[in-house]
Number of protein chains: 2
Amino acid sequence: MKRRQLDFYFDYLSPYAYFSWRWVQPLCEKYGLTLNAHPVVFGKLLDHWGQLGPAEVPPKKTALYKYCYRYAQLNGFDFDPPRNHPYNPLPALRLSLPSVAGDAQHPIISAIFEAGWSRGIDLASEEDLAKVLDSLGLNSTKMLRAVKTDDVKNQLQQETTQAIAQGVFGVPTFIVDDELFWGNDQQEHLEIYLQGNDPLNPAKVDEMLARHRGIDRKTFVQRCKPSKN
Amino acid sequence: MKRRQLDFYFDYLSPYAYFSWRWVQPLCEKYGLTLNAHPVVFGKLLDHWGQLGPAEVPPKKTALYKYCYRYAQLNGFDFDPPRNHPYNPLPALRLSLPSVAGDAQHPIISAIFEAGWSRGIDLASEEDLAKVLDSLGLNSTKMLRAVKTDDVKNQLQQETTQAIAQGVFGVPTFIVDDELFWGNDQQEHLEIYLQGNDPLNPAKVDEMLARHRGIDRKTFVQRCKPSKN
């Protein structure tokens, strides 16, 4: 019988993706789930859905960094975010694709997240990323060469396109049995779901979502048409 | 000595504002805080910061309604959202201004939230709102007349403008001693802060926020310049 799968969508730009990566691994162990880690380009999700990222709204960035700092302290680990933020996450994401990372995918993801968000390295720097890979005993030269190939670039684009097609609008996102959970605050609900105790009534949800939209903001709709890229 | 104040910013459009209104009242009692409730126009916050609301990203609305449904079930109350959503929240917000609601402000806010998000009334309907006010023994005719005056309309605009000036970018927002907390998931951190056990190191946060932005998305910046209104 095929093991139950949990699909985890992340970008290294998001501290919440880091936080949830810390608990989603033990969660999958506990419930015997296969954890499929999908690097995706958060900026492309935002472009697609016409949304801003948290770091693009100045007071939101401040509030969230404070939240993250408190969260990390209370959960017993360091919060020391990437030296530059936002930054170009593409090399780090490409390194984390199964075709590049191979069997080391999960350790690589853990190491990059930890180096970026608990030790403040520059996650856009190939030199800094090489050090992370070397610390795992991996061949960083070979891997950093691989991420420059069109094939690997296309794979990351495809991961992102497929995520959008499944309704992924942010990171972290967790999908189990086609049920989508979004955000670091979903651990409790995910766990109740996995235990078979989900209180959700699908018929009731369908009915609620079918209710009318009474009004829509004109300013935003006019100003921010989805791009055609 | 002046009691410590907690400023709570909300819009009836947000179920999270409802959820947090349920716990922020006992929290203020517990810590001897004066609770100042500020109705603000969420759409104007979004316009100002160039952001979309959760209900404006279709899969996000689905995920959040499910989250809300589960959250309410697990916390022992009903989730039955407004008959139309989004809707025009202005009459409900204006009814909740101190100058209109008077001493009944907190009971009015509780009653409107509960009717909208646990019993699914149409929160844009003056008829439905009148029933809520009548159930509290208030003079709904007089109050609904008041919300049509320019004076009251200006007050709501002013609340919103002042909120933006203080960095409020979403609802619910809580401000204590100039410290801003955003979101329904902030109860734990708020409480630790109020107990004087905030683990946050302000100098460290300042240093982190002063780090460089390494890259900014061009597509969004070009497409979504803040409006000049």
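Buried here means under 20% relative accessible area, exposed over 50%, and partly exposed in between, with a 1.4 Å probe and protein chains only. This is a predicted model, where local features need pLDDT of at least 70, side-chain atom pairs count only at pLDDT 80 or more, and totals for chains, interfaces and linings use all residues. Side-chain values use heavy atoms, with hydrogens and water left out, residues are numbered from 1 along each chain as its sequence is written, and chains are lettered from A in the order in which they are written.

Let's start with the cysteines, which go like this:

| Residue | Relative accessibility | Class |
|---|---|---|
| C68(A) | 0% | buried |
| C68(B) | 1% | buried |

Counting a disulfide as a pair of cysteine sulfur atoms within 2.5 Å, you get 0 of them over all chains.

Now for how the chains pair up. With contact taken as heavy atoms within 4.5 Å, 100% of the contact residues of chain B recur in chain A, so the same surface serves both copies. In numbers, 71 residues of chain B touch 72 residues of chain A.

As for charges, a salt bridge needs a side-chain nitrogen of Lys or Arg within 4 Å of a carboxyl oxygen of Asp or Glu. The interface of chain B and chain A has 8 of these. R70(A) makes a salt bridge with D198(B), with the closest N and O atoms 2.7 Å apart.
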